[in-house]
Amino acid sequence: MALFNRKSTAATPTAVIEAPAVDPALAALTGAYTIDPAHSSIGFTVRHAMVTNVRGSFGEHEGTLTLDGTDPASSSATIDVKIASVDTGIGDRDGHLVSGDFFDAEKFPLMTFRSTRAEQLGGDAYRITGDLTIKDVTRPLSIDLEFNGSATDVYGNERVGFEGSADILRSDWGLTWNAALETGGVMVSDKVKLTFDISAIKAAAPQA
């Protein structure tokens, strides 16, 4: 199902440009959604000691989606992530990540994303672009997403699902701590892969 589908007709001196027909199934998705943290994950992967990957996630996050099925490019998203909820499976490493060497979670408790643009890449592939803020640095970020569809769960909640990823350089957001290895290279790579697996619940329609 195309979520951010846009069609155009090339203009000619005598051409009549018609607005694309609205997909009823797409239009039915229009509304405000709340990200369900119990069924969503926001994580990362980073190279460690040049030879292996360390994976982690943030256990506490919240966000919203606003989907517009009649004008999908007007759709938007917000995400707030609690830095202190980072979990890599090793307590000492998590403690280092929230310290001043990395995120400085006491001073900067949240990582935030605010979208500014949504577009279709083809089929169910999309890209959402916005502003990612880590610590006191805000920079643009584009996240490639796949729309996994919509469904009504056993409790009657209308859900939509997306999964996607984006590669960043952590140094662009002031996360520069590192240590040199005796054999060459560094302890932590600059490149980090962010991953998103999102399930969002549609808000109930207001009573007339």
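## Aromatic contacts in a predicted model

Phe44 is buried, and Phe58 is buried too. Buried means under 20% relative accessible area, exposed over 50%, and partly exposed in between (1.4 Å probe, protein chains only).

This is a predicted model: local features need pLDDT of at least 70, side-chain atom pairs count only at pLDDT 80 or more, and totals for chains, interfaces and linings use all residues. Residues are numbered from 1 along each chain as its sequence is written, and side-chain values use heavy atoms, with hydrogens and water left out.

The whole structure holds four aromatic pairs. Rings of Phe, Tyr and Trp (its six-membered ring) pair if their centres lie within 6.5 Å; planes under 30 degrees apart count as stacked, over 60 as edge-to-face and the rest as tilted. Two of the pairs are tabulated.

| Pair | Centre to centre | Angle between planes | Class |
|---|---|---|---|
| Phe44 and Phe58 | 5.6 Å | 50 degrees | tilted |
| Phe102 and Trp177 | 5.4 Å | 55 degrees | tilted |

Phe44 sits in strand β2 (residues 41-48) and Phe58 in strand β3 (residues 52-58), 14 residues apart. Strands (E, at least two residues) and helices (H or I, at least four) are DSSP runs, numbered from the N terminus.

Phe102 lies in the loop between α2 (91-98) and β7 (110-122), and Trp177 in the loop between β10 (158-169) and β11 (188-202), so their pair ties together parts 75 residues apart in sequence. Phe102 is buried, at 6% relative accessible area. Trp177 is partly exposed, at 27%.

Arg139 lies over the face of Trp173, 5.9 Å from the ring centre. The criterion: NZ of Lys or CZ of Arg within 6 Å of the ring centre and within 35 degrees of the ring normal.
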